[in-house]
Amino acid sequence: MKTIGLIGCSATKQGKDNPAQKFKAQDIYQGNTFKISKTIGLKKFKCDDWHILSAKYDLLDKEDEISYYDMYLGHQSSNYKKEWTQKIIQKLRAKYDLKNDIFYIFAGSDYYTGLLPYLHCVVFGYKSSNAINLDAPTEYVFGVKK
């Protein structure tokens, strides 16, 4: 059994003044929740591997190189969200055992709600609009709150 971290992207990113410039996905996001999740959350919950949930690119590997973009999943259509979810599940299924691995999701509900029926996961609420609460985990087993 592995533990995998999934961190939601952030609105604050490097490269806004130069959209052609590329950054590693693990470095482009500068939001408070992203930084806390990456530096504290992944260690606290002993994640073996981690990826980024991106509204534009769906599931990113931390080494993927991308440019600045401005997109929020909560503003997308229900069809877009369904397709986005299916792409992520397909990519996760190719790398992990969705029946036995546990996913720690450090992201807002727009980013994890569609994933709940497919994963054994732990999600976190927010202390404020830009600060995740790592002390308040909620566990779901394939969509059912534990």
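This is a predicted model: local features need pLDDT of at least 70, side-chain atom pairs count only at pLDDT 80 or more; totals for chains, interfaces and linings use all residues.

**From β8 to β9**

- Strand β8 also pairs with β9, a strand of residues 144-145, and this pairing is again described by the antiparallel sense, here over 2 bridges.
- β8 and β9 form a hairpin with 2 residues between them, and in that turn F142 has a positive phi of about 50°.
- The bridge partner of V141 is V144 in β9, while Y140 stands opposite K145, which also belongs to β9.

**The sheet as a whole**

- These strands belong to an open sheet of 7 strands, in which the order is β4-β3-β1-β6-β7-β8-β9 and the pairing is mixed.
- The edge strands are β4, at residues 58-61, and β9, each of which pairs on one side only.

**The nonpolar core**

- The largest nonpolar core has 45 residues, and the members that touch the most other members are L53, I105 and L119.
- Strand β6, which covers residues 102-106, supplies 5 residues to this core, and that is the largest share.
- When neighbours within four places in sequence are left aside, the contacts of L119 include L6, I89, L92 and L98, together with F103 and I105.
- L119 is also in contact with Y140, V141, F142 and G143, and of these F142 lies in the turn of the hairpin between β8 and β9.

**The largest pocket**

- The largest pocket has a volume of about 430 Å³, and among the 22 residues that line the pocket, those closest to its centre are C9, S10, A11, Y72 and Y126.
- Two or more residues of the lining are given by each of the elements α2, at residues 32-44, and α4, at residues 109-112.
- By residue class, the lining of the largest pocket divides into 9 nonpolar, 10 polar and 3 charged residues.

Note on methods
Residues are numbered from 1 along each chain as its sequence is written. Side-chain values use heavy atoms; hydrogens and water are left out. On a 1 Å grid over the protein atoms alone, a cavity is a set of points where a 1.4 Å probe fits but cannot get out, and a pocket is an open set with protein on both sides within 12 Å along at least five of seven lines; lining residues have an atom within 4 Å of a point. Grid points are joined across faces, edges and corners, and a volume is the space filled by probe spheres set on the points. Helices (H or I, at least four residues) and strands (E, at least two) are DSSP runs, numbered from the N terminus. Ala, Val, Leu, Ile, Met, Phe, Trp, Tyr, Cys and Pro count as nonpolar, Asp, Glu, Lys and Arg as charged, and the others, Gly among them, as polar. A nonpolar core is a set of buried Ala, Val, Leu, Ile, Met, Phe, Trp, Tyr and Cys residues joined through side-chain atoms within 4.5 Å. Buried means under 20% relative accessible area, exposed over 50%, partly exposed in between (1.4 Å probe, protein chains only). Contact means heavy atoms within 4.5 Å. Two strands pair if DSSP finds at least two bridges between them.
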